[in-house]
Amino acid sequence: MGPDVPLLNEYKQEFFWKRFPQTVLGGPRFKLGYCAPPYVYAGQAILFLTPWLFGGIGTLLCQLHLLQALHATVLSGMLMFGAAAVIQALASYAARRTTPLERFGALNVLLDEEEIEFTHCFSSETVRFIAPGKRFGLNVVLHTILAGLLCGLGTWYVLLGRLTVLYGSIGVSVVIYIFSWVTLCIAGYSLIVNTATETATFQAQDTYEITPLTRPLYIFIFIAVDLIH
C-alpha cells in the first residue's frame, strides 16, 4: 500500500461513521444512509435514556428523603420493567401489522441499511424500526425482567448520596453518576430494544439472541465483584 493510499476510502468512511456511534452507544442508529424524519432519532434517544429517567426518579426521591434507598431501587426497577413490557408489546403488535422489510441497495455490503418509508411517528413501520422486538417469547420475558433488575440495581449502586460519601466530593460524584448511567443506558438499550449490529459472522451465530445479554452481564459481574470485596 502506497503512502498516498488512504486507510479507508470514502465508502468505508461512510460505513465507519454510521457503525461506530452505534457500536459505542450499544444500538441506537443516529446516522443512517438515507433521510429519515426527526421523530425516528427522537424515539431512539428517548428509549436510550429511559433507564436514566426512571433511575433519576428513584434517585431524586431518595435524595429528598421521600423514599429509602431500597424503596427507590424497587420503584425504579418496577418502572423500567413496566416500560420494557410496554415496548415489547408494541414491537410485537407492530410486527404483526407489517410485512418483512424490503432491503434496497443490497449490492453494496458496506451500505447494509434497510431503507424504510416512514409515514408518521406512530406507524407500524416506525415502531418496528425503533423497537424491532425479540424473536422468541422466552427472550421477551427474560430481557424484560433483566431490564428492570438492571435499572433497579443500578439506581441503588450509583445513588448520589452513596457516591458522595465514598468519594467525598460532589463534583466527582456527579461525574461518576453521569458516566455510570450512560453505561447503564447502553446495557439497558440492548435489553429493551436491540443491540448494536455486529459483524456478519457473529450475526449468523447469534440465533438465540445471546449478544444483548453481554453488556448487562458485564455490569452485573462488576457490581457483584465490587460488593464482594
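Predicted model: local features only at pLDDT ≥ 70, side-chain atom pairs only at ≥ 80, totals over all residues.
The unreviewed UniProt entry lists "transmembrane region" for residues 39–66, 72–95, 136–159 and 165–192. Two of these spans were examined for secondary structure. Residues 39–66 are 89% helix and 0% strand. The end C-alpha atoms of this span are 35 Å apart. Residues 165–192 are 93% helix, again with 0% strand. Here the end C-alpha atoms lie 32 Å apart.

Five aromatic pairs were found in a search of the whole structure. One of them joins Trp52 and Tyr177, with ring centres 6.4 Å apart. The planes of these two rings meet at 65°, over the 60 degrees required, so the pair is edge-to-face. Trp52 is partly exposed, at 23% relative accessible area. Tyr177 has 10% relative accessibility and therefore counts as buried.

Tyr157 and Phe222 form another pair, with ring centres 6.4 Å apart. Their planes stand at 85°, so this pair is also edge-to-face. Tyr157 lies in helix α5 (residues 137–157), and Phe222 lies in helix α9 (residues 214–228). The two residues are 65 apart and connect distant parts of the chain. Tyr157 is buried, at 17% relative accessibility. Phe222 is exposed, with a relative accessible area of 54%.

Ring pairs extend this contact into a cluster of Trp156, Tyr157 and Phe222. Trp156 also meets a charge: the charged end of Arg162 sits over the Trp156 ring, 4.3 Å from the ring centre.

Conventions: Residues numbered from 1 in each chain as written. Heavy atoms only, no water. UniProt positions renumbered as here; feature names shortened; annotations may be inferred. Helix = DSSP H or I, 4+ residues; strand = E, 2+ residues; numbered from the N terminus. Phe/Tyr/Trp six-rings, centres within 6.5 Å; stacked < 30°, edge-to-face > 60°. Buried < 20%, exposed > 50% of the residue type's maximum accessible area, 1.4 Å probe, protein only. Lys NZ or Arg CZ within 6 Å of the ring centre and 35° of its normal.
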